Amino acid sequence: MNINEKYDVIIGLEIHVQTKTKTKMFCSCPTGYFQQEPNTHVCPVCLGLPGALPTVNKHAIELCILMGLATKCKIDNEIHFDRKHYFYPDLPKGYQISQGKRPLCSNGKVSLPNGTIVEIERIHQEEDVAKSTHHTESMTGRAYTLIDYNKSSVPLIEIVTKPCIKNAKDAKEYATRIRQIARYLGISDADMEKGQMRCEPNISVQEKGKWEMKDGKILPIGDYKLNPKTEVKNIGSITAVEKAIEYEVERMIKQ
């Protein structure tokens with residue numbers, strides 16, 4: 001059976017891009033952490049120590065706006081930040097400073113070489129987290145984790161599409177286009193091997209004619225029960241984005 005005869009593939013893509021600034025998002029620590037000694041590019045602010053006061057990096061905001069303009073987004077005339085609370089060892093403050101209700105850029109679009117339009121829901125400014133490294137003691141075989149906070153609070157923009165991408169090839173082309181824009185405009189080097197750009201596709205497969213898109217949301221028609229959505233986290237290769245989506249679609253169809 002041809003998948004396209006019975007099912008619709010629905011994909012949304014989140015792309016995280018580290019912006020090219022000399023200092024971190026909310027402090028004056030340098031951002032050039034790659035292959036540096038662990039925990040040498042840190043201060044009380046990016047370590048989240050009591051009494052530390054963050055100061056916004058103006059250039060990071062400018063680069064976020066530049067990405068918004070390049071993708072035909074509406075730019076908000078005010079800047080709002082929120083605390084995104086969750087517990088994880090690589091989050092020193094216990095929360096991430098991000099933008100929730102009011103993203104800096106919204107309702108944009110990117111044209112692909114085949115004429116397809118990918119709609120962008122939002123581009124918001126936030127800070128990156130630290131890096132966890134996992135090890136095993138040679139004598140005891142016990143597993144342990146070390147954390148390098150050099151990456152913590154490096155400026156990060158998150159680019160979120162609407163669930164409008166219909167196949168893995170278009171997702172790959174879109175990610176390629178975002179990387180091209182970031183590099184051409186000097187927003188980021190977007191070197192995926194260094195973690196400067198990461199992709200997270202959201203994928204679901206629904207039966208044709210039994211669902212509809214309304215206000216950017218996938219809704220069932222009648223008594224149809226929507227199939228679950230899968231999110232693949234932190235993909236560090238554009239080719240792997242395509243392969244991950246193809247794998248997940250095949251897996252969902254077989255279930």
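Contact means heavy atoms within 4.5 Å. This is a predicted model, in which local features need pLDDT of at least 70 and side-chain atom pairs count only at pLDDT 80 or more, while totals for chains, interfaces and linings use all residues. Residues are numbered from 1 along each chain as its sequence is written, and side-chain values use heavy atoms, with hydrogens and water left out.

**View 1. Phe-81 and its contacts.** Phe-81 sits in the loop between strand S2 (74–75) and strand S3 (82–85). Helices (H or I, at least four residues) and strands (E, at least two) are DSSP runs, numbered from the N terminus. Neighbours within four places in sequence aside, Phe-81 is in contact with Met-25, Phe-26, Val-56, Ile-61, Ile-97, Ser-98, Gln-99 and Gln-125. Its relative accessible area is 27%, so Phe-81 is partly exposed. Buried means under 20% relative accessible area, exposed over 50%, and partly exposed in between (1.4 Å probe, protein chains only). Leu-104 is 23 residues from Phe-81 along the chain, and their C-alpha atoms are separated by 9.6 Å.

**View 2. Gln-18 in strand S1.** Strand S1 covers residues 7–18 and includes Gln-18. With a relative accessible area of 6%, Gln-18 is buried. Its contacts, leaving aside neighbours within four places in sequence, include Tyr-33, Asp-128, Lys-151, Ile-187 and Gln-196. Gln-18 and Gln-196 are 178 residues apart along the chain, yet their C-alpha atoms are separated by 5.0 Å.

**View 3. Ile-159 and the largest nonpolar core.** A nonpolar core is a set of buried Ala, Val, Leu, Ile, Met, Phe, Trp, Tyr and Cys residues joined through side-chain atoms within 4.5 Å. The largest one has 54 residues. Ile-15, Ile-123, Ile-159, Tyr-174, Met-197 and Cys-199 touch the most other members. Not counting residues up to four places away in sequence, Ile-159 touches Leu-13, Glu-14, Ile-15, Val-17, Met-67, Ile-120, Arg-122, Ile-123, Tyr-174 and Ile-178.

**View 4. Helices H3 and H4.** H3 spans residues 168–184 and H4 spans residues 238–254. Their axes come within 8 Å and cross at roughly 155°. H3 is therefore roughly antiparallel to H4. Angles over 145 degrees count as roughly antiparallel. Axes are lines fitted to C-alpha atoms, for helices over the stretch in contact, and angles run from 0 to 180 degrees between N-to-C directions. Ala-168, Lys-169, Ala-171, Lys-172, Ala-175, Thr-176 and Arg-179 in H3 meet Ile-238, Thr-239, Val-241, Glu-242, Ile-245 and Glu-246 in H4.

View 5. Leu-185 lies in the loop between H3 and strand S10 (197–207). A relative accessible area of 34% makes Leu-185 partly exposed. Neighbours within four places in sequence aside, Leu-185 is in contact with Leu-66 and Ala-70. Ala-70 and Leu-185 are 115 residues apart in sequence and 8.8 Å apart in space, C-alpha to C-alpha.

View 6. Most residues other than glycine have a negative phi. Asn-107 has a positive phi, near 55°. Asn-107 is part of strand S5 (residues 105–111). For Asn-234, phi is near 50°, again a positive value in a residue other than glycine. Asn-234 is found in the loop between strand S13 (230–231) and H4. Asn-234 counts as partly exposed, at 46% relative accessibility.

Key:
Angles under 35 degrees count as roughly parallel, over 145 as roughly antiparallel, 65 to 115 as roughly perpendicular and the rest as oblique.
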